[in-house]
Amino acid sequence: MEVTRQSPAGLRRRIGIELGILAVLTPLFLYYAPHEPGLYAALALAFFAIVAINVRNTHEYVWASHALDRSAGLRRSARMMTLLTLPPAAGFFAWCLWSGHTVSYLNLTLAFCLYVPWALLQQAIFQLYLLGRLRVMIPGASAPVLAVLNGTLYGLVHLPNPGLALLTVIAGSIWSYAYLRDRKLLPIALSHALLGSTFYYFVDARDLLAELVTRLAFN
């Protein structure tokens, strides 16, 4: 069966409408989501459903040109994520020791396991969906420029915490560059889950698992 290809102008027009709708809805999301964690999760899941519904078109029209062997891309992405994830995670641990935070390592491990699918969902939204559309809308932009732009957008959804927003701009830019190069979500999601869980437990002194259990118990 022959696939009907969209013209570049038609594809950009459709994606421009999608991004325009997102631009209108994002300020509302940023205002209400910090006060309603359930709303944050619900909107993320709803958006992921949109990504999943459009995944075939996204692969065919947005990410069509990529010739790297799949196994080679996975190995390269895994190496890059390992080298760029372990040092900051170790730094978070050193901060924890210096600060004297008490950490439940069992809860940290369980929180990391729960964090992986959540990180995979977020990375699918920002890399597979959003980064691909930015790539179509700005065809002349280099990979580093697209990565920083996407990373900045990723950092904005972590407001109003400025420190966390800055860290996620940096991490999001690196993850975006890795996805542009290798097209692999899982190594990026594992990096995201490890950095996120160790940041909250070691630096922010928050027990994510205990918070989740408490929230569920009172709802």
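Student: Which residues form a nonpolar patch on the surface?

Tutor: In this predicted model, the patch is formed by L83, L84, L166, I170 and I174, and together these residues have about 470 Å² of accessible area.

Student: Why is L84 called partly exposed?

Tutor: L84 has its place in helix α4. Its relative accessible area is 39%. Buried means under 20% and exposed means over 50%; L84, at 39%, is therefore partly exposed.

Student: How do you know what span to expect for helix α7?

Tutor: The expected span is 1.5 Å times one less than the number of residues. Helix α7 covers residues 162-182 and has 21 residues, for which 30 Å is expected. From its first C-alpha to its last, α7 reaches 30 Å, close to that expectation.

Student: What comes just after α7?

Tutor: There, R183 takes a positive phi of about 60 degrees.

Student: Which residues of α7 are buried?

Tutor: Among them are L164, A165, W175, Y179 and L180.

Student: Which residues have the most contacts inside the largest nonpolar core?

Tutor: They are W63, W175, Y179, Y201 and F202, in a core of 48 residues. Helices that each supply at least two residues of this core include α1, α4 and α7, while α5 gives the most, with 15 residues.

Definitions and conventions:
Residues are numbered from 1 along each chain as its sequence is written. This is a predicted model: local features need pLDDT of at least 70, side-chain atom pairs count only at pLDDT 80 or more; totals for chains, interfaces and linings use all residues. Side-chain values use heavy atoms; hydrogens and water are left out. Helices (H or I, at least four residues) and strands (E, at least two) are DSSP runs, numbered from the N terminus. Buried means under 20% relative accessible area, exposed over 50%, partly exposed in between (1.4 Å probe, protein chains only). Patches are made of residues with over 30% relative accessible area and no salt bridge: like charges are joined within 9 Å, nonpolar side chains (Val, Leu, Ile, Met, Phe, Trp, Tyr) within 5 Å. Accessible areas come from the Shrake-Rupley method with a 1.4 Å probe; for residues, only the protein chains shown count as cover. A salt bridge is a side-chain nitrogen of Lys or Arg within 4 Å of a carboxyl oxygen of Asp or Glu. A nonpolar core is a set of buried Ala, Val, Leu, Ile, Met, Phe, Trp, Tyr and Cys residues joined through side-chain atoms within 4.5 Å.
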